[in-house]
Every structure is written in C-alpha cells, then in structure tokens.
Amino acid sequence: MCNTSTLLVVNNSYPGPEIRVHRGDTVFVNVHNRGKYGFTIHWHGVKQPRNPWFDGPEFITQCPIRPRTNFTYKIILSEEIGTLWWHAHSDWTRGSVHGAIVILPAENETYPFPTPDGEQTIILESWYNGNFKKIIDKALAAGTPPPQPDAYAINGHLGDTYGCPTDTIFRMEVDYEKTYLLRIINAAMNEQQFFTIMNHTLTVVAVDASYVRRFKSDYLLISPGQTMDVLVSANRNAGQYYMATRPSSDSDVPPVDFITTGIFQYTNFVGGSNASLITLPAMNNTDAMLNFISRIRNTNVTQNPPINVPADTDINRRVFITLAVNDLPCKNSKCVVSDGFAASLNNVSFVYPHIDVLQAYYRNIRGVFAENFPFLPPEFYDFTGNLTGVVSAVEVGTRAICVNYGDAVEIVLQSTQMGAGGSHPIHLHGYSFYWVGAGFGNFNGETDPSTYNLVDPPLMNTIDVPGTGWVAIRFFANNPGVWYMHCHFERHTSWGMSTVLIVRNGSTIETSIRPRPSTMPRCHR
C-alpha cells in the first residue's frame, strides 16, 4: 500500500485542482485528454438548469472525450452554496480524477454564521495499488467482485497507520482560538466513512451545498458522493491532534476496516501524536450512523432557497424502487465463474447504450433506450427479511423513468437483502431533492407517509438508503433534461444499479432543454 502507482490525474495532482467560484457563476472548464482512454467529467451536485449537455456521465449525456482531444464544459451554478465536487464519470476513473468545487457566497451575501478565520478542503479517498480502470475492467470480465482498496487516503495521503513514511500524512496547520471551515468530500469508491478530529467538536453547517440547522458532533458520517461543510475551533491546548477516518458499513460483506490519519496541528507546536488515542465508532455501529444522520435538518435562513416541499396533495408521480445485488450468467471468454455479479433497480440492470441517452432523446433516435422503467417492483416479498425461496429474475436494459415538467415526484427507495444487503448511497443528477422520510423494514404505503418530515427536510443530492430499510424523497420536476440516477458505490453502478430520469420539456423556451451544442464529443462505441 506504500507503493508508487501510475494514475490518470488532472494537472499532475491527486486530488485534482480546486475550482473556486461564487454562487450563481457560470464557469467554463476546458478538459484536455492526454490519457490512453476516453473519459468524461461530472460536476457533482451542480443542477445545471436546462443544461444537461454538460452534466457529464458517460453515455448518459455525452460520449467520452477521446485521447488527444479536448472538450469545454459550461457549468451553470444556481442555488448551490458551500462545497461540491467534480469527478470523472467513466468506469472507475473517478478514483484518481476528482477535486473540489468551492462555491463562495455571492457579492453582498454573507455566511449564516460568523465568517471563519480560514478554511480547508478535506477529500476522503480509496487507495488502490493499480490503475482504477484496469481493476474494474478485469473484475467485470471475470465476473468476480473487484478487490478491496489497499488503503484509504486523506487528500492523497495515507497517514501513519500503514507503516508508510511519516511524510505521507496530511497536516492542517491552525492557530489557537481561530475557527476554520472544513469542506469535506467523500470521494471513496465504495465506502461510507466516519470522520473525526480528536478532542475537538465539529459543527455541521451544510450538506450537499445547502445550509442545514447547525448541530455539534464528535464525528461525521458521510457517504460516497456527499459533501459537508463543518466548523471547528482550535480551542484546545496547543498540540498535534489526529484527524481520522474509517469505513462504516451495515453489509454482510463489509469493506476492509482501515483507519487513516491526518494531523490537526497548532502553529509552532513541536511534538508527537499517539495513534492509540484515536476514537471512532466501530465500522458496524448502526446506532452511531442513525444518531448522526437523524440530526440533519433544513434551516430557514435567507441564504437558502425557500423550503418548497411537495405536499401530499401535490404528488402526481409516485415511484417505488427496490435496490438489489443479483447475478447473471457470465458469458465472455475471461469468465472464471458461471454467474457474474449484477445489480438492479426494480429488477432492471442498466446497460449503457452505444450513444448517449440525451442525444437519442433530443434527436428522437429510436432503439437506444425505452421509456418504460417500472414504477413498481415486479414482485413484492419480504425485502428486508428472510429471502428463502425467493427467486427474483433480473432483466437487462436501458430503461428510463419519464415524467412531465412540473410534476411533483415522490420516489421511495427500498433496500433488499439480495446479495449481502447493505446500504446504498443514491445520487440523482440535475436535482437537489427533499429527504422526507426513512425507516427500517419494508415500506408501508398506508402508514409510513404519516411519519414524513414535510416541515424542514434537508435538501440533498445523495441519500444513503439503509441496508434494512427505505428512504423517501420528493421534488418538483422543474429541470428538463436527461438525468442519471445511480448508486454511488462504484461496484454497484458497474453492475447496473442505475437508471435515467427524463423530465420532458415544458411549454415554453424557459422550461425546455437548451439547444444541443455543436461541440459535443462524437460517439465511436
């Protein structure tokens, strides 16, 4: 794990460069591909109003940027504030191609808390001794699961718990009695992460680029794809304090349980730190998971858009989706097993088409995708209970959820115990949605909606669905386009746990997709 690996990176840095902008800006980013294979870039959490062409997921809204070519993205910011991130959206390339998007308040706008004295971006990562694309390509060809990471990293550093040289540890230097804004991003491939700074209290102020009601905690729980803005005050005795991260999991096949460290170092202090002093919740501590996420609430500050949750009487599109890991026959010559891994939403395992779905939709090209994603699972069973005797057939296809502009949408995401169970961080492109409900067991459409929080649900773009439960989200379909929805565990997306949300055009230019740019990469698949 202390080896040197050859990786595809951006501007010779891992993580990649930070993009700093102000709320409401429009940003142009010219991506030159000097690698050996095609890829795309996604601007995670940026809603891109009416602008799906530059959202980025490969074969969903564009075809890859081929080697020795370039493509300029137009990134339209709107209500987002705080921290988001960008990453490759092709195979597993995002493992080394990623970086932060820092969205500062607009001119004449302030923070809804005292302006911090400084700030620091912290990116949590998975480290593999190898090329990310080759790792997943080999696993998919063989029909086997990809390997576990060799380590976890903080801002590209492995810390001092792996026996690597001490200069691989990330250090954040702070001044006594100063307050800092931490911009924390979970860029790990398949792992939720706990995070802490020893002997310091963390105050959460924003999640997924939306301010939340401030709350204090000794630790964070952050899913792959999520971002959190956190205040921390350097108000302890001068010294060196560990920051640390470890995975969190409720799966029967958990990730490897490594602890990775960094240093929160007071200026001019010389001394050591003691790894035995690190305290984090155990990886399988579900109480710690629930205690943290249950405290996330929206806040009615002027810097947030007015809370506009679709009411029960507004909802005219309801979708109930089961999440499962399945198996399908492995048919290629490199298979080492008869049945390979698959993953599905409502028993449909997504297949990427030969051209992007957005182009096919915009140009009315037939045969690329179908507008018939099931709004209910094909069969109902005890999703989170005993699956003895349950045989759930899986289809493969490119099937989209289609709604009209202005629809009030509710989506219930239900985990199942298929394939070792475990939670799923689900990300929806093009939208921030209201997380209105969650529970354990099987969702009950008659009684569970009465438990919804319709008063101050947080706005999020990535939501963790507990391994033995469900979540409910709501939003108004007011951003026309083709928008990817998928699990942010990369192995599950690689196996097909994804779909496409198509929001049809409204009746005016202002409620319709912008015209297709002439510069879009050509498809060669």
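Author: A residue is called buried when its relative accessible area is under 20%, exposed when over 50%, and partly exposed in between. Keep in mind that this is a predicted model.

Reader: Thanks! Why is Cys 402 called buried?

Author: Its relative accessibility is 10%, and the cut-off for buried is under 20%, so Cys 402 counts as buried.

Reader: How do you know whether Cys 402 is in a disulfide or in none?

Author: A disulfide needs two cysteine sulfur atoms within 2.5 Å. For Cys 402 the nearest cysteine sulfur belongs to Cys 63 and is 19 Å away, so Cys 402 is in no disulfide.

Reader: And what makes Cys 63 and Cys 523 a disulfide?

Author: Their sulfur atoms are 1.8 Å apart, and the limit is 2.5 Å, so the pair qualifies. Cys 63 sits in the loop between strand S3 (41-44) and strand S4 (70-76), while Cys 523 is in the segment after strand S30 (498-503), so the bond ties together parts 460 residues apart in sequence.

Reader: Why is the disulfide of Cys 63 and Cys 523 called right-handed?

Author: The torsion about its S-S bond is about 85°, and therefore the disulfide is right-handed.

Reader: How many disulfides does the rule give?

Author: The count comes to two. Cys 330 and Cys 335 form a disulfide as well, with sulfur atoms 1.9 Å apart, again within 2.5 Å. Here the torsion about the S-S bond is about -80°, so this disulfide is left-handed. Cys 330 has a relative accessible area of 17% and is therefore buried.

Reader: What makes up the lining of the largest cavity, by class?

Author: There are eight nonpolar, three polar and one charged residues. Trp and Phe count as nonpolar and Asp as charged, so Trp 435 and Phe 292 go in the nonpolar class and Asp 464 in the charged class.

Note on methods
Residues numbered from 1 in each chain as written. Predicted model: local features only at pLDDT ≥ 70, side-chain atom pairs only at ≥ 80, totals over all residues. Heavy atoms only, no water. 1 Å grid on protein atoms, 1.4 Å probe; cavity = no way out; pocket = protein on both sides within 12 Å on 5 of 7 lines; lining within 4 Å. Helix = DSSP H or I, 4+ residues; strand = E, 2+ residues; numbered from the N terminus. Buried < 20%, exposed > 50% of the residue type's maximum accessible area, 1.4 Å probe, protein only.
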